[in-house]
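Hello,

Here is the structure for you to look through. My notes come after it.

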Amino acid sequence: MEKKYLNGNLSRNITFGLCWLLSWIPALIVWIVDKDNLDLEDKRELASIIICAIASTVLSLTFIVPLYVGICGLIAAIMAFMGKTFQIPGVYHIAAAIIK
């Protein structure tokens with residue numbers, strides 16, 4: 001059975017694909033609205049989205065981190081729309097350390 005988020009309106013593929021494309025605000029909304037329906041991997045992926053947005057903003061002057069996050073975020077969005085997951089190296093490890 002396919003998981004549905006945001007009160008059963010969006011499938012997991014669409015929800016996480018849009019979260020990767022639109023950054024941390026949709027991810028935070030999904031986390032708040034569906035906090036009871038999220039499993040451990042979903043929480044880690046949402047945390048990864050938020051961590052990527054924070055890292056890009058804080059380190060925006062370096063140009064390397066935002067470029068890395070942008071490329072990996074685009075790959076993650078495409079993979080999410082296809083129903084797969086992409087764990088961004090470094091970011092997912094931080095999310096896994098935070099969300100246990």
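Predicted model: local features only at pLDDT ≥ 70, side-chain atom pairs only at ≥ 80, totals over all residues.

Residues are numbered from 1 along each chain as its sequence is written, and side-chain values use heavy atoms, with hydrogens and water left out.

Core. A nonpolar core is a set of buried (under 20% relative accessible area, 1.4 Å probe, protein chains only) Ala, Val, Leu, Ile, Met, Phe, Trp, Tyr and Cys residues joined through side-chain atoms within 4.5 Å. The largest one has 22 residues, and C19, W20, A27, L46, I49, C52 and I88 touch the most other members. Helices α1, α2 (24-33), α3 (40-58), α4 and α5 (91-98) each supply at least two residues of this core. The largest share, six residues, comes from α3. Helices here are DSSP runs (H or I, at least four residues), numbered from the N terminus.

Residue M79. M79 lies in helix α4. With a relative accessible area of 22%, M79 is partly exposed, a class that runs between buried and exposed (over 50%). Leaving aside residues up to four places away in sequence, M79 touches K84, T85 and F86; contact means heavy atoms within 4.5 Å. M79 and N13 are 66 residues apart in sequence, yet 8.7 Å apart in space, C-alpha to C-alpha.

Surface. I14 also lies in a helix, α1, and counts as partly exposed at 35% relative accessibility.

Regards
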